[in-house]
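Good morning, and thank you for coming. Please look at the structure on the screen while I go through it.

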Amino acid sequence: MTRSLTPQPILLSYHHHNHHPPPPPLHLNPIITRRSLLLSTTSLSITTTATPPPSLALASPPLDTTITDRIFMDFSLCPTTFLPNTNPTLSPDPSTPLCTESFLLGRLVLGLYGHLVPLTVSNFKSMCSSTSSSSYKNTLVHKIFPGQFFLAGRQGRRNKAEVRPPHDLPRNAEAVESKAFLLPHSRAGVVSLCLSENDDDEDIKLDPNYRNVEFLITTGPGPCPQLDSKNIVFGTVLEGLDIVAAIGSIPTYKPAERIRQFNDLAKFLGDERAQNARAIWNRPLKTVYISDCGELKVAKPSLSPTLP
C-alpha cells in the first residue's frame, strides 16, 4: 500500500476535556518591559512626593535670654605702661588703685541671662561684688584680639593684677551642659565665660579648688563663630559699646612673622618655651583694667531691653 507524500495540514483543536480557555491574542496581552516598569515607578514617586508629608520634627523652644541682673564695670587706662610681671610690690588689696592718675575710659552696663545659665550668672555677680576681696576690681584686661574680643579675669596673683576667686565659689556644673553653649557670638557686646580661650596657668588649673572666672567680651564689628559651642554666653552689653570698641582698638604686642614661624616649629617639637613665649602675644601695650564693678539694682530687672 502506497502512502501519499502530499503534506497534510495540521489542524489545532482543543479537546473537550481541556477546561483551560485558549490564550488571548498577542495584541491583547501587554508585554511588561523594564522600561515601562521604570516609567511607571518614576511617575508613582513623582505623584507621591508632589505633596510632602507634614514635618515630624518639633521646633526647639526659644532660649530664655531675659535680662535678670545688671552689672556695671568701669574701665580705666594707666598713664604709663604697667608690667605686672615686674611689679612685685603691688598691693594685694583690691581697693588700692592699680595706678595713680588713671584715665577713666567709661562704664559698661551688662545684662545677664539668669534664667538660661543661673549658676554662671551667680558666680559672675559674686566676682563683681566691690566688697569682696576676690572681685574683678583692679584686675587687668590681659589680652586683646583686634576685631574679635578681649579677655579679662585671668586667675593668678594679686601683685600681678590678676584675680583670686573666693574659696567658697560654687563649682560651675553648667560647663558640662549642652544647653549652656547654644547662644552664638554673633555681634559685638556678647559676654561669655571663657573656656576655649582660657589662658590660666596649668598649675592653677590642676588645683582641685580651681574655679574658672575668666570672661571675654566680643568687640565686633563682625561675629566670632570660632567661639561658638565652646564658651558659655551669659550676657550682653546694654550700655557702653563705644567703650568696648575703644578697648578693642588699643594696640597689642604682635610678634614678627619669622618669630611666629620659629614658635610654631618649637611647639611642634614639644618645646615648652613656645607656650611661654605665646603668653605675651596680644597683650595690650597700654595698661587697661577694671577700676570698679558692682551690681545695679533696678525696679523691674526682668524687663528685656532693646538690644543694639
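Predicted model: local features only at pLDDT ≥ 70, side-chain atom pairs only at ≥ 80, totals over all residues.

Which backbone oxygen does the side chain of Thr218 reach? The side chain of Thr218 reaches the backbone oxygen of Arg187, at 2.7 Å. Residues are numbered from 1 along each chain as its sequence is written, and side-chain values use heavy atoms, with hydrogens and water left out.

Let me stay with Thr218. The residue sits in strand β6, residues 215-218; helices (H or I, at least four residues) and strands (E, at least two) are DSSP runs, numbered from the N terminus. Is Thr218 buried or exposed? Thr218 counts as buried because its relative accessibility is 0%. Here buried means under 20% relative accessible area, exposed over 50%, and partly exposed in between, with a 1.4 Å probe and protein chains only. Beyond its neighbours within four places in sequence, Thr218 is in contact with residues including His185, Arg187, Cys224 and Val244, where contact means heavy atoms within 4.5 Å. Pro146 is 72 residues away from Thr218 in sequence, yet their C-alpha atoms are 9.8 Å apart in space.

I turn now to the chain as a whole. The chain contains six helices and eight strands, and in sequence order they follow the pattern α-β-β-α-β-β-β-α-β-β-α-α-α-β. Of its 308 residues, 39% are buried. Among contacts with a separation of 6 or more, 81% join residues 24 or more positions apart.

How are the strands arranged? Eight strands form a closed barrel with antiparallel pairing, in the order β1-β2-β7-β5-β6-β4-β3-β8; two strands pair if DSSP finds at least two bridges between them. On average, neighbouring strands of this sheet are turned by 35 degrees against each other, direction ignored. Axes are lines fitted to C-alpha atoms, for helices over the stretch in contact, and angles run from 0 to 180 degrees between N-to-C directions. Strand β1 (residues 69-77) pairs with strand β8 (residues 288-296) in the antiparallel sense over eight bridges, and Met73 has Cys293 in β8 as its bridge partner. Helix α2 (residues 118-127) packs on the sheet, and its direction makes about 45 degrees with that of β1. Helix α4 (residues 241-248) also packs on the sheet, with a direction about 120 degrees from that of β2.

Finally, the salt bridges. The whole structure holds nine of them, a salt bridge being a side-chain nitrogen of Lys or Arg within 4 Å of a carboxyl oxygen of Asp or Glu. In one of these, the closest N and O atoms of Lys125 and Glu295 are 3.6 Å apart. Lys125 belongs to helix α2 and Glu295 to strand β8, so this pair ties together parts that are 170 residues apart in sequence. Glu295 is partly exposed at 34% and also forms a salt bridge with Lys297, at 3.5 Å. Arg154 and Asp201 meet in another salt bridge, at 2.8 Å from N to O. Arg154 lies in the loop between β4 and β5, and Asp201 in the loop between β5 and α3, 47 residues apart. Arg154 is buried at 14%, while Asp201 is partly exposed at 33%. Both belong to a network of salt bridges that links Lys143, Arg154, Glu162, Asp199 and Asp201.

How values were computed. Polar contact = N/O pair within 3.5 Å; in protein donor to acceptor, adjacent residues only side chain to side chain.
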